[in-house]
Amino acid sequence: MRAFTEWPVEVPETDTPPLKVPAVSQVETLSCSDAELTRPLVQSIKAAANEGHWIQTYTEEQVGRHFLANYGYFELVGPKGHFHSNHLRAFVAYWGAGLKYDWHHHEAEEIYLCLAGGATFYADGRAPVKVSPGKAVFHASHQSHAMMTTDQPILTLVLWRGAGLAGLPRMDNA
Ligand SMILES: [Fe+2]
């Protein structure tokens, strides 16, 4: 994660208000596997989950009601984050068990760090990767990728860098 980008020195706190999505209660009571390395961050996210400005990128038409009831993320650092930066975006993102996050893409380069739980990540031109706590996976600019959770949810820290930093992911079939 350190090699991915320089952590900005100046990250002033913004007055971004809390905002809930249904999955916040799942984050607060998360009890899936974690790792010694990620546990302090997982505990902090659980404790502060009700202060996050949780949002969803997709509509019910795109991903269905079940998906929206079991996923959400907030921008911890970034142009619209709880802490402001135009050089890096860091999201805390959660998906419940048994979800398929369909093929999507975005311009910014991305690294996912699995904090708790796990999932299988798929990316164009690469074999599927099973990710567990402490493991990271990289997506290049515009590289299509997808993700599937099975028996456990996944809590992740996602970093974006480069061109398209302030953009949004888009479904490939949208
Ligand atoms: Fe992505």
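Tutor: Let us begin with the elements: helices (H or I, at least four residues) and strands (E, at least two) are DSSP runs, numbered from the N terminus. This is a predicted model, in which local features need pLDDT of at least 70 and side-chain atom pairs count only at pLDDT 80 or more, while totals for chains, interfaces and linings use all residues. Residues are numbered from 1 along each chain as its sequence is written, and side-chain values use heavy atoms, with hydrogens and water left out.

Student: How many helices and strands does the protein have, and where is His 142 placed among them?

Tutor: The protein has 4 helices and 11 strands, and His 142 belongs to the loop between strand E8 (136-139) and strand E9 (145-148). His 142 also has a positive phi of about 65°, although it is not a glycine.

Student: What makes the radius of gyration of the protein agree with that of a compact globule?

Tutor: The radius is taken over C-alpha atoms, and the globule rule is 2.2 Å times the number of residues to the power 0.38. For 174 residues a compact globule would have a value near 16 Å, and because the protein has 15 Å, the two agree. The C-alpha trace spans about 35 × 35 × 35 Å along its principal axes.

Student: Why is Val 137 called buried?

Tutor: Buried means under 20% relative accessible area, exposed over 50%, and partly exposed in between (1.4 Å probe, protein chains only). Val 137, which lies in strand E8, has a relative accessible area of 4% and therefore counts as buried. Of the 174 residues of the protein, 45% count as buried.

Student: Which residues does Val 137 contact, leaving aside its neighbours within four places in sequence?

Tutor: Contact means heavy atoms within 4.5 Å, and the partners of Val 137 beyond those neighbours are Glu 110, Ile 111, Tyr 112, Phe 121, Arg 126 and Val 131.

Student: Why does Leu 165 count as buried, and where does it lie?

Tutor: Leu 165 has 8% relative accessibility, so it counts as buried, and its place is the loop between strand E10 (154-161) and strand E11 (170-171). Not counting residues up to four places away in sequence, Leu 165 touches Asn 86, His 87, Leu 88, Arg 89, Ala 108 and Trp 160. Leu 165 and His 87 are 78 residues apart along the chain, and their C-alpha atoms are separated by 7.8 Å.

Student: What makes Thr 38 a buried residue, and which residues does it contact beyond its neighbours within four places in sequence?

Tutor: Thr 38 counts as buried because its relative accessibility is 2%, and it is found in the loop between helix H1 (24-28) and helix H2 (39-48). Beyond those neighbours, Thr 38 is in contact with Cys 114, Leu 115, Pro 133 and Gly 134. Cys 114 is itself buried, with a relative accessible area of 1%.
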